[in-house]
Amino acid sequence: MRWPIIGNTLMIPLINVAQFYKDLGKKLGSKIMYLEALGQSILVINDIMITQDLLKKQSTTYSNHPDIPMLADVVGHRTFFAFMPYGNEWRAHRRLFTQHFSEKNLPRIEQKSLEFVRKGLLANFLEYPEDFYHHIRNWIGGLSTSMTYGLPVQRRNDPLIHFAEHALGGSAAAASPGRFWVNVIPWLKYVPDWMPGAGFKRLGKSIRKELVQLREEPLSSGASDDSEITAMRQYRLYRRALRNFVINPTLILKIAMLNKPLSKSLEKEIDSVVGPDRLPDFSDIPHLKYLYAAIKESLRWNPVLPTSVPRLASEDDEYMGYFIPKGTVVMSNIYAILHDEENFPDPGKFDPERFLKDGILRDDVIDPESVATFGFGRRICPGSHIALVNLYIAAASILHLFDLLPPLGADGRPIEPKAIFSSDSGGFEPPKFDCRIIPRKGKDVHALLKEYMGTEPVGLGRGLRVGDDFVVFVSTSAISSKISYQMMNLDSRQ
Ligand code: HEM
């Protein structure tokens, strides 16, 4: 038996695909959908149980990824960890990665995070609040550079971080759905470079050059010559400023600005735990239950990878009596799962209270941190604890020291922000917004940050040495291929 093939797949939009599939599932009264587009079978899952049945319980069949021709063949970049085929090379990467990211390294990672949050983020928020977007990027990019290569970074406008953003932006574009015809018609990769219309091939070459430079340059500019770095090179793991990772702090700023009562509750909790005379540290985090709930809700409300990374069925399979052919692209709709009314009533509402009962975290609600936001089965995100550590300490520190307010219009009145989010290349993010960041009244923010102000680079001294706790930030921003085969946006394709 086969699932019914639905609709004209070419009508599927380029952006907000997760929402589209959620709505389509509702219309069809089904949480699993089977589509065919240009000969490609696609299975879309909007349900947590079905996703776990397939991606977790049958992970041998569903741990592979489909190829993205623009990235894999034209750019020639087959070493993105998150896109690698399931096999020995992926296993070696994953083993190396988890070895260095293991929980036992958390104390050192926390120490590094604290340094970067205080010197690289809070000090900049105080001195140059209008550049807050840039500070978030420099903080995350700087942290990953320092942790991976042991290199110090400039507090603001670090050139390597700018370059990393540019180079990785290129690869994210290569993987983005519908940007390139070759992702729709794979044989176009054989078109010679000189042919009219083969601009995508020349672009691919320049992206590859930048990616190689990005990988090698920090190593030639004074990174620790630890032998394990050489091992990392051989395994071709890349450090990068994770675009997805940046989105979450941005989201938190926006939420805090949108929701005054929420930020007041968070501030009250932080004040009662931390008091006015010091900065929050990691020992405070377990006492900040409301902050826990708010971060869980931000990971649920707008999961940054709404349709995760697509998988590929490596064998013929059968589920609930239906046939799933080998080669089917399987898409787990994380957004639909975390917006399932059966588990999260009124899912569009940002409501941290859904995770709390009498001030205590509930254990009878699906926890986005451990169940869906970071993926499923053998390819679940191996960096989730690093992401969470940084989210908690950054959010606690910002809310402790600053008020986040809407910008003022020409008439001097606040322009109330809107809760608009979109996902074009796979990540859910708020469009650029303005925000006034001012020191909180009743706190001597200058005194609290005094020892962290300055111009010297951040991350001086020994980096996190490989063998102890070496952190590699690997691309996840290019995880946006989804079902590029079926997406037709003629205007924006090259
Ligand atoms: C809020 C931040 C983050 C989110 C929401 C996120 C989410 C995800 C998701 C959904 C996947 C795909 C999982 C699947 O296929 O089931 C993934 C994969 C991955 N993530 Fe993350 N991630 C985040 C931060 C990080 C960080 C900080 C690191 C590195 C330290 C990282 C490293 C990776 C890697 C290496 C993979 C590929 C794993 C594989 O294919 O085996 N991520 N992430």
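The chain holds 16 helices and 12 strands, and of its 494 residues, 45% are buried. If we take the contacts between residues at least 6 apart in sequence, 79% of them join residues that are at least 24 apart.

Let me turn to the cores. The largest nonpolar core has 48 residues, and the members that touch the most others are Leu291, Ala395 and Ala396. Several elements give two or more residues to this core, among them helix H5 (106-127), helix H10 (243-258), helix H12 (289-301), helix H15 (384-401) and strand E9 (402-405). The element that gives the most is H15, with 11 residues. As for alanine 395, once we leave aside its neighbours within four places in sequence, the residues in contact with it are Ile252, Leu291 and Ile295. There is also a second, separate core, made of 28 residues, and this one includes Ala18, Leu43, Val44 and Ile324.

Strand E2, residues 40-45, pairs with E6 in the parallel sense, over four bridges. Strand E3, residues 311-312, pairs with E6 as well, but in the antiparallel sense and over two bridges, and there leucine 312 stands opposite valine 329. In a regular strand, side chains alternate between the two faces of the sheet. Along E6, Val329 and Met331 point one way while Val330 and Ser332 point the other way, and all of these residues are buried.

Finally, a word on confidence. The mean pLDDT of the chain is 77, with 73% of the residues reaching 70 or more. Over residues 223-242, however, pLDDT stays under 50, although the model has 59 contacts beyond four places in sequence for that stretch. Residues 462-494 also have pLDDT below 50, and here the model shows 131 contacts beyond near neighbours in sequence. Where pLDDT is low, the predicted coordinates should not be read in detail. I would therefore treat the contacts listed for such stretches with that caution in mind.

Conventions:
Residues numbered from 1 in each chain as written. Predicted model: local features only at pLDDT ≥ 70, side-chain atom pairs only at ≥ 80, totals over all residues. Buried ≥ 20, exposed ≤ 12 C-beta atoms within 10 Å, placed from the backbone. Contact = placed C-beta atoms within 7 Å. Core = buried A, V, L, I, M, F, W, Y, C linked by C-beta atoms within 7 Å. pLDDT = per-residue confidence, 0-100. Pairing = 2+ DSSP bridges.
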